[in-house]
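Please read each point with the model open beside the text.

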Amino acid sequence: MHFGRGVIFLVIVVAIQAQEEVIVKISNGPIRGVQSGKIFSFKGIPYAEPPVGEKRFEPVEINREKWSEVRDATEYGSMCIQMSHFTYADDAKIQGDEDCLTINIFTTSLDIGKRLPVFVFIHGGAFMFGEGALFEPVRLLEEQDAVFATINYRVGAMGFLSTEDEVVPGNMGLKDQVIALKWIKENIHLFGGDPTSVTLTGLSAGGASVHLHYFSQQSTGLFHRGFSQSGCALNPWVLAENSKSKVTTIAVKLGCPVRDNTKMIQCLKSKPADKVVQGARLFMPWLYNPFSPFGVVIEKKGSRPFLTEHPEDLMRTGKVAQLPWIVSLTDSEGLYPVGDFVNPPSKLEELNEKWNELAPALLDFQGTVAEKDQETVAQIVRQFYLKKEEINEDTVPKLTNIFSDRLFDSGISLSARIHGQKIQSPVYLVYYTYQAIYGVHHAFAPEFEFKGAGHGDEVLIMYKTPIRAEPLTVDEEEIVKLYADFLISFATEERPKMGKVSLIPVDGKEIHMPVLHIKNPKNITIERTIGFGNEKFWYSLPIAEYTKWNAHNAPKKPSQRTEL
């Protein structure tokens with residue numbers, strides 16, 4: 001026993017000694033980070049003005065604060081204030097702070113002459129939750145020399161509330177990301193990075209954010225490549241509906257006047273932040289769904305809009321940054337949120353019984369299908385995927401297909417196709433089907449036997465994260481090496497490659513799109529696909545997201561639809 005304690009003590013001492021303090025002087029002043037092995041890290045650097053007080057719901061600028069004493073940058077800053085995903089009660093747990101706009105830098109060199117490729121990882125979380133600290137790129141940096149940045153940006157009501165006019169145009173969280181990119185352009189050379197080689201990467205809402213930067217003039221010149229994993233601008237949960245109505249509902253709940261938007265927002269700025277954030281529960285009728293009640297808006301007014309038109313309109317008219325883009329998806333994206341539906345099984349029973357009532361919210365068409373048609377659309381969807389089967393543990397794979405197709409796959413497939421048709425810069429499609437031993441869905445139901453590669457499976461392998469405690473398998477370690485090389489290839493070469501396989505850009509003139517299919521570390525091929533997500537089915541429904549480009553008739557009852 002005594003010997004065991006000595007070994008533990010020795011390991012702790014060695015671990016501490018392995019980390020050395022390092023100082024870098026950024027434009028604000030000196031900061032202290034640490035070196036561990038080949039990796040230097042600097043955490044919790046305030047990149048923007050604190051969005052507090054009168055700055056709540058407002059865009060902020062780069063942090064120009066000056067200091068002469070060395071400032072500690074060895075610990076992460078606070079996450080942005082948000083509602084916990086694991087609490088469904090009306091008094092949902094609130095965590096984080098309003099003063100939260102920090103950036104974390106990881107690099108393999110502090111030589112300003114190195115000019116290493118820079119990667120910015122934008123965290124996911126449905127624009128409602130998450131933080132940069134959840135994803136550390138140390139595994140990738142053990143394989144390749146580069147600079148990585150992870151960021152916090154405002155989420156939920158604090159980041160995406162909108163009055164749909166000049167009072168609060170919206171998209172504060174996306175504008176935070178722009179400020180972070182401006183900070184990177186000014187400072188990243190001090191960490192050995194090349195400010196002209198900035199590749200945006202992100203998962204889920206982070207992937208959608210990457211895509212959205214292609215449509216914003218505010219982001220022009222701030223990045224040169226983009227890689228969206230499991231999320232894009234055409235996913236239905238990205239754009240929020242009825243934003244003004246939601247603000248008004250929260251204001252009434254908190255006792256604020258609602259007839260004048262300016263007075264309403266001034267009142268909301270004076271209310272406790274946790275009460276404002278907690279207001280999202282008013283728009284989630286079942287569990288944490290729909291998971292993005294606050295999201296991106298098309299800014300109708302305001303002096304510095306981030307997004308002025310619908311992303312599909314911008315794509316189809318070629319108003320997109322002419323920069324290479326990769327978009328990827330897995331074969332079972334819908335395991336988020338379905339993973340939350342299986343534990344306990346009574347949730348599946350409730351969903352089966354109340355499908356017509358819950359489906360419009362869960363599948364995000366409550367705000368885009370006429371109320372009189374919502375039940376019919378829900379029935380059409382159920383019969384298309386389940387026929388006459390019940391929703392239970394045996395049909396979870398089919399239920400997963402519904403959520404995969406609607407919430408992720410169809411939008412990703414359509415985006416890749418339109419980019420290939422309308423944009424000169426190359427777009428590449430990646431399909432990942434290697435099932436990890438642990439995914440996001442296991443956080444909700446650790447004992448359930450899920451099938452397929454879930455939402456974010458490869459990201460939880462690439463990055464060190466507290467979401468996954470399990471060590472990597474030998475094959476997963478090989479996945480890390482492949483993705484590390486892949487990212488460097490994409491950032492620095494004309495045509496990226498995964499292992500020995502070069503990607504082929506989507507050609508809008510061809511019916512079938514080339515896709516890089518990652519089946520496992522030793523089986524990576526180029527295949528051809530007409531698309532993903534049952535696009536034709538989903539775009540045949542009377543969902544207002546598609547009305548400009550797809551003509552609709554009134555929905556017919558399932559029994560009248562011969563193709564079903």
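1. Cys80 counts as buried, at 2% relative accessibility; buried means under 20% relative accessible area, exposed over 50%, and partly exposed in between, with a 1.4 Å probe and protein chains only. Cys100 is also buried, with a relative accessible area of 1%. A disulfide, that is, a pair of cysteine sulfur atoms within 2.5 Å, joins Cys80 to Cys100, with 2.1 Å from S to S. Cys80 lies in the loop between β4 (71-72) and β5 (82-83) and Cys100 in the loop between β6 (94-95) and β7 (102-107), so the pair ties together parts that are 20 residues apart in sequence. Helices (H or I, at least four residues) and strands (E, at least two) are DSSP runs, numbered from the N terminus. The link of Cys80 and Cys100 is right-handed, with 85° about the S-S bond.

2. On the basis of these values: this is a predicted model, in which local features need pLDDT of at least 70 and side-chain atom pairs count only at pLDDT 80 or more, while totals for chains, interfaces and linings use all residues. Residues are numbered from 1 along each chain as its sequence is written, and side-chain values use heavy atoms, with hydrogens and water left out.

3. How many disulfides does the structure hold? The structure holds two disulfides. Besides the link described above, a disulfide joins Cys256 to Cys267, with an S to S distance of 2.0 Å. The torsion about the S-S bond of Cys256 and Cys267 is about -75°, so this disulfide is left-handed. Cys256 lies in the loop between α6 (243-253) and α7 (261-270), and Cys267 in helix α7, eleven residues apart. Cys256 and Cys267 are both buried. With bonded cysteines counted along the chain, the pattern is 1-2, 3-4. As for Cys232, this residue is buried, with a relative accessible area of 0%.

4. The aromatic rings deserve a separate point. A pair of aromatic rings is described by the distance of the centres and the angle of the planes. Rings of Phe, Tyr and Trp (its six-membered ring) pair if their centres lie within 6.5 Å; planes under 30 degrees apart count as stacked, over 60 as edge-to-face and the rest as tilted. By this rule the count comes to 29 aromatic pairs. The ring centres of Trp183 and Phe191 are 6.4 Å apart and their planes stand at 35°, so the pair is tilted. Trp183 and Phe191 are both buried.

5. Which arrangement do the rings of Tyr483 and Phe486 have, stacked or edge-to-face? Their centres are 5.9 Å apart and their planes are at 85°, so the pair of Tyr483 and Phe486 is edge-to-face. Both residues lie in helix α16 (residues 474-492), three residues apart, about one turn of the helix. Tyr483 and Phe486 are buried. Elsewhere, one aromatic cluster is formed by Phe127, Phe160, Trp237, Phe291, Tyr336, Phe408 and Phe444.

6. Charged groups also meet rings. A charge sits over a ring if NZ of Lys or CZ of Arg is within 6 Å of the ring centre and within 35 degrees of the ring normal. Arg71 lies over the face of Trp67, at 4.6 Å from the ring centre.

7. Asn28 lies in the loop between β1 (19-25) and β2 (30-36). At 3% relative accessibility, Asn28 counts as buried. Leaving aside residues up to four places away in sequence, Asn28 touches Asn63, Arg64, Glu65, Lys66, Trp67 and Trp183, where contact means heavy atoms within 4.5 Å.

8. Where does helix α12 pack? The buried residues of α12 pack against α11 (346-353), α13 (371-386) and α14 (396-422). Six of the eight residues of helix α12 (residues 355-362) are buried, so this helix is largely enclosed by the rest of the structure. Among them are Trp355, Leu358 and Leu362. Asp364, whose phi is positive, near 60°, follows α12.

9. Finally, the whole chain. The protein has 17 helices and 17 strands. Buried residues make up 60% of its 564 residues. Of the contacts with a separation of 6 or more, 73% are between residues 24 or more positions apart. Along its principal axes, the C-alpha trace spans about 70 × 60 × 60 Å.
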